[in-house]
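Visitor: I am new to this structure and would like to go through it by question and answer. Please show it first.

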Amino acid sequence: MQTSTIAAPALALLLTACGGSDPAAPAAPRTLAGGVVASCPAWSAAQVYTTGMCATYQGKQYEAKWWNQASAPTADPYGAWKYLGDATGPVPDPETPTQPGGVPTRAQAEAREAQLTDNDFFRKVKASVRTLDNAAVEAVTPGAPANPVNVRRIERLLPAAKWDYYFPARESSYTYTRFLQAVAKFPAVCDDYADGRNADAICRHALATMFAHFAQETGDHNASIPLPQWRQGLKYLRELGCDETGTSCGYNAECADPVFNTVWACGTNADGTYKKYFGRGAKQLSYNYNYGPFSQAMHNGDQSVLLKNPDLVASTWLNLASATFFFVYPQPPKPSMLHVIDGTWVPNAADTAAGAGNNFATTIMIINAECGTGTEKAAAQNRIDYYKEFARDMGWNVAGEQLSCATMGRFGPSSSAAYPIYWEKNWNGGGDHQCQLVSYQTPYSALMPGNYVRCVEKNWGVVLR
């Protein structure tokens with residue numbers, strides 16, 4: 001809505017638009033120097049604003065450009081609010097695009113992306129999911145002086161001999177070097193902390209947590225051999241009974257679905273059959289909708305690399321990086337396991353009521369939701385038993401830590417981790433060639449740079465320059 005001049009016949013329409021469905025909106029207009037605009041109610045975080053509704057914030061009036069909740073108005077022209085004016089009068093519309101056909105420039109789109117993700121949540125999470133360039137990752141070797149700081153910490157706390165002790169039955173592809181590379185890819189794992197938190201203690205806690213889940217996901221679970229079960233992890237590289245031929249273990253039924261195969265386009269074999277996305281690696285990554293996001297994180301936003309070549313998740317250092325990827329990425333309404341362990345995630349009242357907190361039990365809910373039945377499921381009990389052993393050997397004291405998730409409720413929309421982190425075409429009005437944040441998964445994670453532009457270009461069929 002342009003507001004530099006408002007003709008009298010348009011005044012009623014403006015009042016209706018600015019009042020929206022808000023019963024608190026006053027009916028009387030307010031005259032400003034240079035034009036007439038509707039009087040708007042005071043902005044409230046409790047109010048859900050829809051397109052066209054108005055709010056007064058810090059003495060200035062704004063119009064909502066699309067659905068918006070609990071986001072205070074700002075004068076940023078690429079944000080969710082259009083600045084209408086104050087006592088000095090309306091302002092010129094700052095959103096006139098410089099490309100033909102109403103298409104924003106790349107700079108305008110990037111500015112809007114920056115504004116929509118300018119909050120404490122995104123700053124913390126983006127820092128925790130940052131990645132190292134693959135060339136630098138592949139240069140990591142045990143003992144190399146140039147290894148990143150987090151890798152050097154792990155080498156000190158977890159030398160190669162201890163890796164061999166923990167995983168003596170592992171498949172040969174799970175090497176110590178590859179584990180160091182997997183951690184190097186995500187510098188926030190076992191990184192330093194500038195706020196006084198004990199980095200060594202957090203690293204011990206994180207490794208014990210990670211290894212307990214390794215042992216459950218890929219362990220032999222054989223009680224009839226002398227090797228204790230907590231040390232039987234990483235035995236399986238590919239899901240048992242699955243291979244590249246035949247019809248078993250495809251995990252690719254979604255490839256025939258036009259919606260799923262548009263979002264995460266499956267790779268095909270020479271005969272036209274779809275690639276298989278059965279479990280691979282330490283996390284046993286499965287399904288095209290998990291291979292695609294992992295590929296984006298590993299290959300500068302390119303989801304096609306692993307969708308076309310899924311076995312790279314087994315045959316390269318990605319076999320362990322898939323687990324660290326899962327460890328650092330949130331899955332709203334669930335926080336990341338890293339933020340649970342290092343205390344960055346702060347549970348709110350809803351989380352506490354559900355039984356979640358900064359403990360191992362919560363990571364079980366995150367990884368597989370084997371919780372909430374009133375009694376411990378066998379798989380969850382395995383994880384707890386393995387965790388105790390790894391923690392003891394790593395020097396992490398579990399005394400007082402909640403381990404059981406038997407009575408824990410699932411994460412829900414009221415969780416403090418329930419944030420929209422994906423870009424989607426803006427269906428809610430406010431102008432063409434825009435994307436919005438949503439809570440459901442799309443190919444465009446807002447945690448990865450450049451995805452806002454990709455979302456606009458793909459959904460609107462344009463090229464931003």
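Visitor: Is Cys-255 buried or exposed?

Guide: This is a predicted model, in which local features need pLDDT of at least 70, side-chain atom pairs count only at pLDDT 80 or more, and totals for chains, interfaces and linings use all residues. Residues are numbered from 1 along each chain as its sequence is written, and side-chain values use heavy atoms, with hydrogens and water left out. Buried means under 20% relative accessible area, exposed over 50%, and partly exposed in between, with a 1.4 Å probe and protein chains only. Cys-255 has a relative accessible area of 1%, so the word for Cys-255 is buried.

Visitor: Which cysteine does a disulfide join to Cys-255?

Guide: A disulfide is counted when a pair of cysteine sulfur atoms lies within 2.5 Å. For Cys-255 the S to S distance is 2.0 Å, and the partner is Cys-266.

Visitor: How many residues apart in sequence are the parts that this pair ties together?

Guide: Helices here are DSSP runs of H or I with at least four residues, and strands are runs of E with at least two, numbered from the N terminus. Cys-255 lies in the loop between helix 8 and helix 9 (260-263), and Cys-266 in the loop between helix 9 and helix 10. The pair therefore ties together parts separated by 11 residues.

Visitor: What is the handedness of the disulfide of Cys-190 and Cys-203?

Guide: The sulfur atoms of Cys-190 and Cys-203 are 2.0 Å apart. The torsion about their S-S bond is about 85 degrees, so the disulfide is right-handed.

Visitor: How many disulfides does a search of the whole structure find?

Guide: Another pair is Cys-371 and Cys-405, with S to S 2.1 Å; both of these cysteines are buried. For the whole structure, the search gives five.

Visitor: Between which domains does the second largest pocket lie?

Guide: A pocket is an open set of points on a 1 Å grid over the protein atoms alone, where a 1.4 Å probe fits, with protein on both sides within 12 Å along at least five of seven lines; lining residues have an atom within 4 Å of a point. Domain bounds come from an automatic or database domain assignment. Both domains give residues to the lining, so the pocket lies between domain 1 (106-122 + 420-460) and domain 2 (133-329).

Visitor: Which helix gives the most to the lining of the second largest pocket?

Guide: Helix 10 (288-298), helix 13 (318-328) and helix 16 (360-368) each supply at least two residues. The most, five residues, comes from helix 10.
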